[in-house]
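Hello,

Here is the structure I promised to pass on to you.

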Amino acid sequence: MSFDVAALREHFPSLRSGIAHFDGPGGTQSPRQVGTAMAAALTGPLSNRGRGVASEVNADSAVDAFRQAFADLLGVPAHGVVYGRSATQLTYDFSRAIAKQWRAGDEIVVSRLDHDANVRPWVQAAQAANASVRWIDIDPDTAEIDLATVESAITSRTRVVAVTAASNLLGTKPPVRAIADAVHAVGALVYVDGVHYTAHQFVDVPALGADLFVCSPYKFLGPHCAVLGASPDLLETLRPDKILPSTDLVPERFELGTLPYEIMAGATAAVDFLAGIAPGDATGRRARLRASLHAVDEHELRLRRALEAGLAALAPDVVVHSRAADRTPTLLLTLPGRKTWDAYEFLGRRNVLAPAGFFYAYEPFRRLDLDDQHGLRLGLAPYNDETDVARALDGLAAFLESSPDPTSGTFGQTY
């Protein structure tokens with residue numbers, strides 16, 4: 001099933017700016033429906049949660065709707081949905097709650113494919129608990145997980161394996177289910193960073209084998225926040241630090257302080273918008289999400305292939321490091337002899353936003369051992385079209401034909 005991308009773009013007021021956005025892996029644009037939902041919730045009436053007056057009911061209903069929306073998106077029970085400010089915050093919180101059960105000699109496994117938000121919290125928690133850290137490596141030539149290191153990293157002393165479902169730097173989608181099966185065979189937990197994956201794939205947390213799965217709605221058309229999905233039974237076994245008067249019920253025990261109801265309403269609207277991208281005969285929001293995200297995947301794959309064909313025509317002046325057989329529509333480039341930061345600025349002057357950086361994917365970027373201290377990332381989103389691709393390719397060709405600026409430097413960092 002396909003969808004009309006021109007009609008889709010009409011829902012995004014920000015696209016009237018004329019910017020061709022390839023910054024989706026760092027955060028997408030939002031449709032009008034998300035902003036409307038947030039404004040409606042915030043202007044209320046709205047107060048703290050309750051079931052008395054309308055303002056209390058509105059707050060309570062916003063939380064319930066949020067949990068059900070993300071239950072439908074992720075394939076987990078509604079009471080297994082935890083709200084968070086960011087994926088980084090959730091991972092820090094859960095790593096510390098889980099680490100309370102660790103002992104000296106336990107082992108924690110992390111991956112050199114991951115964003116640092118799914119590496120450093122676990123490494124630091126392991127250090128605090130006197131546990132050991134083992135690593136899953138990647139092959140820099142293929143940008144894929146080195147499966148031999150998966151087998152050697154997991155032992156009878158493994159307590160948690162943290163791995164991404166898709167790399168925000170390279171787009172690589174590792175074999176999460178196979179990794180999860182090996183982890184579960186030794187009785188350990190699997191914590192999956194699904195931030196990049198959820199923006200491009202229909203998610204089924206149980207099918208992936210993830211015990212805990214985190215994602216960020218602002219990567220798929222929503223507001224800035226994060227969501228963790230898990231089995232409520234698993235959540236019952238975890239005891240986070242919290243203030244005494246707050247509820248001990250799951251999932252509320254993990255949500256510290258008063259919730260931002262307007263952001264939750266916007267995130268719910270984003271899920272509803274995703275479910276309506278490819279109208280069809282499917283009934284139920286989860287079924288509609290499956291159909292819509294399948295259509296998005298097909299659309300983004302077509303654009304990715306067009307982008308790759310254009311980049312191949314610019315070789316050897318462009319090197320594409322996203323080479324995994326199974327990957328998202330996200331491409332990391334370097335430009336031999338030129339600085340990718342200069343290319344980012346050049347494209348920006350043409351209203352093409354293709355950021356340069358290492359995008360907080362510290363371990364994989366270091367593992368690639370590139371000559372440039374940044375890489376140029378081209379990431380597609382559902383609202384990208386053929387014109388965007390043509391503008392990016394034309395801009396890169398023009399940059400490569402331009403004379404290098406001997407005074408240029410490399411500054412800053414983008415997410």
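The largest cavity holds about 40 Å³ of space, in what is a predicted model. A cavity here is a set of points on a 1 Å grid over the protein atoms alone where a 1.4 Å probe fits but cannot get out, while a pocket is an open set with protein on both sides within 12 Å along at least five of seven lines; lining residues have an atom within 4 Å of a point. Grid points are joined across faces, edges and corners, and the volume is the space filled by probe spheres set on the points. The structure has one cavity of 30 Å³ or more. Among the residues that line the largest cavity are Thr28, His200, Lys219, Phe220, Glu300 and Pro382. By class, its lining has seven nonpolar, two polar and two charged residues (Ala, Val, Leu, Ile, Met, Phe, Trp, Tyr, Cys and Pro count as nonpolar, Asp, Glu, Lys and Arg as charged, and the others, Gly among them, as polar).

A word on the ground rules: this being a predicted model, local features need pLDDT of at least 70 and side-chain atom pairs count only at pLDDT 80 or more, whereas totals for chains, interfaces and linings use all residues. Residues are numbered from 1 along each chain as its sequence is written, and side-chain values use heavy atoms, with hydrogens and water left out.

Now to the second largest pocket, with about 290 Å³ of space. It is lined by 14 residues, and Arg49, Thr247, Glu252, Glu255 and Gly257 are the closest to its centre. Five nonpolar, five polar and four charged residues make up that lining. Glu252 sits in the loop between α10 (232-236) and α11 (261-275); helices (H or I, at least four residues) and strands (E, at least two) are DSSP runs, numbered from the N terminus. Beyond its neighbours within four places in sequence, Glu252 is in contact (heavy atoms within 4.5 Å) with Arg49, Arg67 and Thr247.

Another open sheet has four strands in the order β11-β12-β15-β14, with antiparallel pairing. Its edge strands are β11 (319-320) and β14 (356-357), each pairing on one side only. Helix α12 (residues 285-313) packs on this sheet, touching β11, β12 and β15 (375-379), and its direction makes about 15° with that of β12.

Finally, the count of salt bridges comes to 26 (a side-chain nitrogen of Lys or Arg within 4 Å of a carboxyl oxygen of Asp or Glu). One of them pairs Asp106 with Arg159, with the closest N and O atoms 3.3 Å apart. That pair links distant parts of the chain, 53 residues apart: Asp106 is in the loop between α4 (87-99) and β3 (107-111), and Arg159 is in strand β7 (residues 158-164).

Best wishes

Technical notes: Two strands pair if DSSP finds at least two bridges between them. Axes are lines fitted to C-alpha atoms, for helices over the stretch in contact, and angles run from 0 to 180 degrees between N-to-C directions.
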